[in-house]
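Student: Could we go through some charged pairs and surface features together?
Tutor: Gladly, let's take them one at a time.

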Amino acid sequence: MQRVDVVIPCYNYSHFLQECVESVLSQAGVDVRVLILDDCSPDKTPEVGKALASRDQRVTYRRHAANMGHIATYNEGIDWAGGDLFLLLSADDYLLPGALDRSAELMRNYPDVGLVFGNALIAEPNGMSKRADPLGDNHVHPLQILSGRQFMRLSGARNLVPTPTAVVRTALQKQVGGYNKELPHAGDMEMWLRLASHAGVGFINADQAVYRQHAANMSLQYYGENILSDLRQRKRAFDILFSQAPDSLRKDKMLRRFLARDLGKQALRQAGIAFNNFDVATALAIQRFALEVSPDVRNSLPWIKLVCKQTIGPQYWYALNSIRRRAAA
């Protein structure tokens, strides 16, 4: 059996920790080892973590003397890993039965694949759940093997991979290094791009994990000027990719232009959200960023729609939208 080392960073998630750890220990078909990294949580994480470690020798518990932040914690986990495969699993998420066995089997059958991911279920605060289906209508088979470039085009300027489903070859993870401390928001996206620049990517069309959505982790909603910081970090992720990737990828001007245009279009959508929230200054700042990233976005539908909104003005646009919604209802 392949060994899968699972690092579980935990900060203030003691009430989720046991379910998370048990979902790993119950995985069949693989040899698992778990490291709980408690980033100096002020809740009951020490009691829960120590109890879990005392009950199963496959579990190790470590507590930081001071809060180190998630990037440093992730990288500590990467340093610890020594098995065949590696997974970072947040303490508020958990695996579904068979997830690691399916990932390990794909890795055995496709030695050129360095990263594998799958579908996830999103558990919402109201008790409902929905599926995060990353490839949408682009897949019909139980699994799909993508080249690095194919993966990059599919993901574009967004984080395509549901993080709790992302299993990596440990040797490749060690080769490409840890997470970039300059990218606290875009670290996952940059890591998937970095891995894909060195190996193929596998997709499993199955529900692999559950991602909990709650107030402490809800992101990428409109949050004022911080969204501009997030977009700039995505641009930085692309800059790092094309400065450090193998020569063939660095010279791929078409891919670079495609990714820049996709980032520009996503930025314009965020500018539209800011405008709808009457934050005209932020909308303009994001619009300028989009134009800097990709001048081509002037010809895109998001640009035309945003200019129409700006021409009409926020109050009249809001009134027109209200009329349209009432008519549709």
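Student: In this predicted model, which side chain meets Asp239 in a salt bridge?
Tutor: Asp239 lies in helix H8 (residues 226-244), and its partner sits in helix H10, so the pair ties together parts that are 17 residues apart in sequence. The N to O distance is 3.9 Å, and a salt bridge needs the nitrogen within 4 Å of the carboxyl oxygen. The partner is Arg256.

Student: Is Asp252 buried or partly exposed?
Tutor: Asp252 meets Arg149 in a salt bridge at 2.8 Å, N to O. Buried means under 20% relative accessible area. The relative accessible area of Asp252 is 18%, so Asp252 is buried.

Student: How many residues apart in sequence are the parts that Asp252 and Arg149 tie together?
Tutor: Asp252 is in the loop between helix H9 (247-250) and helix H10 (253-276), while Arg149 belongs to helix H5 (residues 148-155).

Student: Which helix gives the largest share of the nonpolar patch?
Tutor: The patch, about 420 Å², is made by Ile312, Tyr316, Leu320 and Ile323. Ile312 has its place in helix H12 (residues 301-312). The largest share, three residues, comes from helix H13.

Methods. Residues are numbered from 1 along each chain as its sequence is written. This is a predicted model: local features need pLDDT of at least 70, side-chain atom pairs count only at pLDDT 80 or more; totals for chains, interfaces and linings use all residues. Side-chain values use heavy atoms; hydrogens and water are left out. Patches are made of residues with over 30% relative accessible area and no salt bridge: like charges are joined within 9 Å, nonpolar side chains (Val, Leu, Ile, Met, Phe, Trp, Tyr) within 5 Å. Accessible areas come from the Shrake-Rupley method with a 1.4 Å probe; for residues, only the protein chains shown count as cover. Helices (H or I, at least four residues) and strands (E, at least two) are DSSP runs, numbered from the N terminus. Buried means under 20% relative accessible area, exposed over 50%, partly exposed in between (1.4 Å probe, protein chains only).
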